[in-house]
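This briefing goes through the structure shown below, topic by topic. Keep the sequence and the 3D view at hand while reading.

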Amino acid sequence: MDKATVVLYSGLGGIGHLTPMVQLSQLFVQHGVAVTVALVKPQEEPATSFSAEVARAAAANPSITFHVLLPPPCPAEEEAPRDMFDRHRLIDAPLRDFLRSLPAVRALVLDMFCAGSLDVATELGIPAYFFFASGATILAIYLNLSSVVANMGRSFAELGDSPLSLPGAPPFRAADLPKIVLDDDDATRVFVRLFERMPESNGILVNTYESLGARAVHALRDGACVPGRPTPPVYCVGPLVTEGGDEKHECLEWLDAQPDSSVVFLSFGSRGTFPKKQLQEIAVGLEKSEQRFLWVVRSPRSEEQNFGDPLPGPEPDLDALLPEGFLERTKHQGLVVRSWAPQVEVLGHRTTGITAGLPLLCWPLYAEQRLNKVLIVEEMKLGVVLRGYDEEVVKAEAVEAKVRWVVESEGGRTLRERATAEKRSAV
């Protein structure tokens with residue numbers, strides 16, 4: 001008899017959503033569960049980048065099956081999908097066909113953006129769960145949005161710096177909500193609707209552990225974030241980390257040659273790009289800080305693009321983007337990596353100081369990163385914010401000062417001690 005499979009569907013979320021799905025898949029495998037990750041090549045990312053990431057994940061995880069769903073033919077122009085949420089609806093047919101092709105499906109685990117696929121699971125009689133990778137507090141805030149919107153006479157954007165106090169979350173400014181919530185347009189309403197549907201599932205898996213998100217977890221389980229409706233079971237499945245593959249990245253070999261707890265690691269997420277002007281300011285700040293660094297640089301978007309637009313395809317031309325002579329002058333101080341680095345392995349390396357606790361230097365750019373800044377800096381006190389992040393350009397002096405402060409100051413040492421204590425509670 002064929003072994004029942006758990007299917008994890010990352011949808012059109014791209015690399016940033018595929019990685020945590022793979023981490024969750026590893027947890028299922030550890031418990032002897034057969035797992036298939038179903039995904040779709042998103043239009044927002046270059047085919048080469050996406051294919052390389054899927055191939056890398058498959059090579060590092062031979063016990064996990066990866067299946068790329070083929071999108072249906074493009075509809076007529078008047079029926080063309082308007083946004084990512086609309087495109088997910090078009091992929092439901094291939095997802096349904098794939099699930100039917102499997103001998104037995106134990107459960108379907110959906111990415112947060114795949115709420116519409118609940119209908120596919122219901123049609124096929126498959127238990128459906130959601131996986132939320134951004135932690136319990138962010139989930140609590142998002143689940144609260146529907147009731148807040150219903151009782152509020154104006155948009156979140158109009159609230160500006162007004163404080164919000166929601167069940168399960170620390171006080172925060174309305175302006176710290178993601179852009180998609182602040183825009184108050186059709187995409188905003190679709191986003192809120194996603195989290196209205198999440199409680200219809202059989203349960204929600206959250207990338208956290210009990211002590212880290214205690215207040216939020218209690219509020220979620222008590223039903224405080226979904227007033228007037230039942231909340232499904234909430235399961236803490238974190239912290240999730242990915243085991244590295246057999247091939248060793250060049251940056252890890254460079255780290256091996258550095259002293260313990262000496263390297264500052266700069267990485268800004270799968271969509272974290274900067275214009276040339278900002279890259280040059282960062283470079284000058286790093287060089288003047290005289291601290292060792294490992295920096296992941298992606299190709300800039302054009303001035304007309306934003307974080308929702310397709311990502312730049314070509315590898316960055318470091319000589320053209322960074323100050324003249326920077327790479328040569330800093331070759332014994334730091335390493336600049338194009339586009340991608342194995343983040344989990346880097347963060348676990350003795351040189352970055354993670355094993356001794358990591359203070360975070362917060363530079364929020366997109367999605368829920370501003371809310372994460374509130375949690376990390378103001379609530380958990382595990383990091384500091386980079387001055388000027390809300391302005392057009394963060395100056396080199398600010399980068400230099402904060403990097404020095406985190407590495408050399410008494411305040412930075414206190415942050416590391418606090419981070420060490422938090423790390424121990426997660427084990």
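Two strands are said to pair if DSSP finds at least two bridges between them. By that rule, strand β11 (residues 292-297) pairs with β12 in the parallel sense, over 5 bridges. The model is a predicted one. Its chain holds 17 helices and 14 strands, and buried residues make up 50% of the 427 residues.

**The sheet of three strands**

- Strands β10, β11 and β12 form an open sheet in the order β10-β11-β12, with parallel pairing.
- The edge strands are β10 (263-266) and β12 (334-338), and each of them pairs on one side only.
- From one strand to the next, the twist averages 10°.
- Within the pairing of β11 and β12, L294 stands opposite L335 in β12.
- Helix α11 (residues 276-289) lies across β10 and β11, and runs at about 170° to β11.

**The sheet of seven strands**

- Another open sheet has 7 strands in the order β3-β2-β1-β4-β5-β8-β9, and the pairing is parallel.
- Strands β3 (65-68) and β9 (234-236) each have a single partner strand, so one side of each is left without a neighbour in the sheet.
- Neighbouring strands of this sheet are turned by 25° against each other on average, direction ignored.
- Strand β4 (residues 105-111) runs parallel to strand β5 (residues 128-132), and 4 bridges join them.
- L108 stands opposite A128 in β5.
- Helix α1 (residues 15-30) lies across β1 (5-11), β2 (34-39), β3, β4, β5 and β8, and its direction is at about 170° to β1.

**V206, a residue in strand β8**

- V206 is found in strand β8 (residues 203-206).
- Buried means under 20% relative accessible area; V206 has 1% and is therefore buried.
- V206 and A136 are 70 residues apart in sequence, yet their C-alpha atoms are 6.2 Å apart in space.
- Leaving out residues up to four places away in sequence, V206 touches F132, G135, A136, L139, V234, Y235, C236, V237 and G238.
- For the chain as a whole, among contacts between residues at least 6 apart in sequence, 73% join residues at least 24 apart.

**The nonpolar cores**

- The largest nonpolar core has 61 residues, of which Y9, L139, Y142, F156, L177, F191 and F195 touch the most other members.
- Helix α5 (residues 136-150) gives the most to this core, with 9 residues.
- L177 touches I141, F156, L164, F172, L182 and L371, not counting residues up to four places away in sequence.
- A second, separate core has 23 residues, including V264, L266, V336 and L386.

**How helices α5 and α8 pack**

- Two packed helices are described by the angle between their axes and the distance between the axes.
- For α5 and helix α8 (residues 186-197), the angle is about 105° and the axes are 8 Å apart.
- Angles of 65 to 115 degrees count as roughly perpendicular, and α5 and α8 are therefore roughly perpendicular to each other.
- On the α5 side, L139, Y142, L143, L145 and S146 take part, and they meet F191, V192, F195 and E196 in α8.
- Sorted by class, this contact has 7 nonpolar, 1 polar and 1 charged residues.

Note on methods. Residues numbered from 1 in each chain as written. Predicted model: local features only at pLDDT ≥ 70, side-chain atom pairs only at ≥ 80, totals over all residues. Heavy atoms only, no water. Core = buried A, V, L, I, M, F, W, Y, C linked by side-chain atoms within 4.5 Å. Buried < 20%, exposed > 50% of the residue type's maximum accessible area, 1.4 Å probe, protein only. Helix = DSSP H or I, 4+ residues; strand = E, 2+ residues; numbered from the N terminus. Contact = heavy atoms within 4.5 Å. Axes fitted to C-alpha atoms, helices over the stretch in contact; angles between N-to-C directions. Parallel < 35°, antiparallel > 145°, perpendicular 65-115°, else oblique. Nonpolar A, V, L, I, M, F, W, Y, C, P; charged D, E, K, R; others polar.
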